[in-house]
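Hi,

Here is the structure I promised to pass on.

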Amino acid sequence: MNRPADDQWRRPTPSADGADAEQAAAAYPGPPPAVPPPPGWHPEVAPRFVPPRRLPELDHDAIDLAEERADRFTNALGIAAGVVLILIACLQWRT
């Protein structure tokens, strides 16, 4: 794959008879010189983290009880809303 940005790094092609191969090789300056990085160029190393603390033990029975209460409350609220909607529908139908 030839990209225009890579053209500057490609060695010049010599002619078919090879007469200017030496001249083409001399015209190619080669890649730019490698410059060593300045001292201390590495990023700072983060200190090791402290392992997380132990989580407290869970009271599964209390969690189950709270979930059952929430379930009953939700069902009761839904039934109450349904009764109210049925009453409103009956009142609208009567009039």
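From residue 73 to 94 the chain is 100% helix and 0% strand, with 32 Å between the end C-alpha atoms. Helices (H or I, at least four residues) and strands (E, at least two) are DSSP runs, numbered from the N terminus. An unreviewed UniProt entry lists residues 73-94 as "transmembrane region"; such annotations may be inferred rather than shown by experiment.

Before the rest, please keep in mind that this is a predicted model, where local features need pLDDT of at least 70, side-chain atom pairs count only at pLDDT 80 or more, and totals for chains, interfaces and linings use all residues. Residues are numbered from 1 along each chain as its sequence is written, and side-chain values use heavy atoms, leaving out hydrogens and water.

Two surface patches turned up. Patches join residues with over 30% relative accessible area and no salt bridge, like charges within 9 Å and nonpolar side chains (Val, Leu, Ile, Met, Phe, Trp, Tyr) within 5 Å. Areas are Shrake-Rupley values with a 1.4 Å probe.

- Nonpolar: Ile 79, Val 83 and Leu 87, with about 290 Å² of accessible area together. Ile 79 sits in helix H2 (residues 60-94) and is exposed at 58% relative accessible area (buried is under 20%, exposed over 50%, partly exposed in between).
- Negative (Asp and Glu count as negative): Asp 59, Asp 61, Asp 64, Glu 67, Glu 68 and Asp 71. Glu 68 belongs to helix H2 and is partly exposed at 45%.

There is also one salt bridge (Lys or Arg side-chain nitrogen within 4 Å of an Asp or Glu carboxyl oxygen). Glu 57 pairs with Arg 54, their closest N and O atoms 3.4 Å apart, and both residues are exposed.

Best wishes

Definitions and conventions:
Buried < 20%, exposed > 50% of the residue type's maximum accessible area, 1.4 Å probe, protein only. Charge placed at Lys NZ, Arg CZ, Asp CG, Glu CD.
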